[in-house]
Amino acid sequence: MKFTKMHGIGNDYVYVNCFEETVENPEKTAIAVSPRHFAIGADGLILIKPSKVADCCMEMYNADGSRGAMCGNGVRCVGKYAYDHGIVDKSRTTLTVETGSGIKTLKLTVKDGKATDLQVDMGNPVLTSHNADKVLVMEDYQKPDADAVWEEIEVGGNVWKMIGISMGNPHAVVYVDDVDHLDIKAIGPLFEKHPRFPDRTNTEFVQVIDDHTLKMRVWERGSDETLACGTGACAVLTASTLAGYVLGKAEVRLLGGPLQIELRKEDGHVMMTGPAAEVFSGEWNEDNEL
């Protein structure tokens, strides 16, 4: 199986061009290729496949083999791969990717024939605090109901205040005073597997720097702590706007680097802008699969 290793600010996946390759058991393959010391090393596996409704399709699997609906850093890498490797015509700098949470439109910044930075229209976020399942539009940010936005949850013997946001995948956004010294390996799994989240959840721990800068760490379901999470950064910007910490636009600083996140004023879509990088290509010996 031929593969390409790519990352978006450190959120790395093994990418397979399924226009040319076939992966018979992606769940098993994701588990096999992800270990850092015994395999390629990645946060999971992403298949780039043909689509009947978009330029290509992104099929994502976490490091534990579980299927993911959406990955913000992953979709930027898919866009870069599709452009750089000729899946789409080089005369185009806008393309579409089919994902488990709908079709995403990407605008590319190109330098020397390669896509460098990509802006993704992530669509409207959904408020899931108290299981609301409410699609958010710009009017919802004007005078948000604090009781509807904030939800209390007991985790690890302590009561935490969180804001639930879906970006096609679930997020619990929690605010802390010092994100650098958080024992995320202890608290992250407790959030992920809490009974409140029957499908498990990604959890973002956020420190507000100022009204246009947010700092976060993320515990991703199925992958543990990762250097970055694009959908998580979008959820953090959404939650922080609802909470009044920022004004609909911020630099979100993750362990792997910053993302620029903004609510588009005309429709409330979340716009995510950041880099994507190709690291190396190779061939995986499927006899190594677990």
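In what sense, parallel or antiparallel, do strand 12 and strand 13 pair, and over how many bridges? In this predicted model, strand 12 and strand 13 run antiparallel to each other and are joined over five bridges, and both strands also contribute two or more residues to the lining of the largest pocket.

**Strands 12, 13 and 14**

- The hairpin made by strand 12 and strand 13 has three residues between the two strands, and Gly 168, which sits in the turn, has a positive phi of about 95 degrees.
- Within this pairing, Ile 163 stands opposite Val 173 of strand 13, while Val 173 also stands opposite Glu 204 in strand 14.
- Strand 13 pairs with strand 14 (residues 202-210) in the parallel sense, again over five bridges, and the chain passes from strand 13 through helix 4 (residues 184-192) to strand 14 in a β-α-β crossover that is right-handed.
- Strand 13 is largely enclosed by the rest of the structure, because five of its six residues are buried.

**The largest pocket**

- The largest pocket holds about 270 Å³ of space, and of the 18 residues that line this pocket, Thr 128, Pro 170, Arg 196, Phe 197 and Arg 200 are the closest to its centre.
- The elements that give two or more residues to this lining are strand 12 (158-166) and strand 13 (170-175), with strand 12 giving the most, namely three residues.
- By residue class, the lining of the largest pocket divides into six nonpolar, seven polar and five charged residues.

**The second largest pocket**

- The second largest pocket has a volume of about 220 Å³ and is lined by 14 residues, among which Met 138, Tyr 141, Thr 241, Leu 247 and Gly 248 lie nearest its centre.
- Helix 5 (230-242) and strand 18 (257-263) each supply at least two residues of the lining of this second largest pocket.
- The lining of the second largest pocket is made up of seven nonpolar, four polar and three charged residues.

**The cavity and Asn 62**

- A search of the whole structure finds one cavity of 30 Å³ or more, and the largest cavity has a volume of about 50 Å³.
- The largest cavity is lined by Met 60, Asn 62, Gly 68, Ala 69, Met 70, Asn 169, Asn 202, Glu 220 and Arg 221, a set that divides into three nonpolar, four polar and two charged residues.
- Asn 62, one of these lining residues, belongs to strand 4 (residues 56-62) and has a relative accessible area of 4%, so Asn 62 is buried.
- Leaving aside neighbours within four places in sequence, Asn 62 is in contact with Ala 30, Asp 43, Gly 44, Arg 67, Gly 68, Arg 221, Gly 222 and Ser 223.

**Val 252 in strand 17**

- Val 252 is found in strand 17 (residues 249-254) and counts as buried because its relative accessibility is 0%.
- Setting aside neighbours within four places in sequence, the contacts of Val 252 are with Leu 214, Met 216, Ala 233, Gly 257, Pro 258, Leu 259 and Ile 261.
- The C-alpha atom of Val 252 is separated by 25 Å from that of Phe 197, the two residues being 55 residues apart along the chain; Phe 197 is one of the residues closest to the centre of the largest pocket.

Note on methods: Residues numbered from 1 in each chain as written. Predicted model: local features only at pLDDT ≥ 70, side-chain atom pairs only at ≥ 80, totals over all residues. Heavy atoms only, no water. 1 Å grid on protein atoms, 1.4 Å probe; cavity = no way out; pocket = protein on both sides within 12 Å on 5 of 7 lines; lining within 4 Å. Points joined across faces, edges and corners; volume = space filled by probe spheres on them. Nonpolar A, V, L, I, M, F, W, Y, C, P; charged D, E, K, R; others polar. Helix = DSSP H or I, 4+ residues; strand = E, 2+ residues; numbered from the N terminus. Buried < 20%, exposed > 50% of the residue type's maximum accessible area, 1.4 Å probe, protein only. Contact = heavy atoms within 4.5 Å. Pairing = 2+ DSSP bridges. Right-handed = clockwise from strand over helix to strand, strands pointing away.
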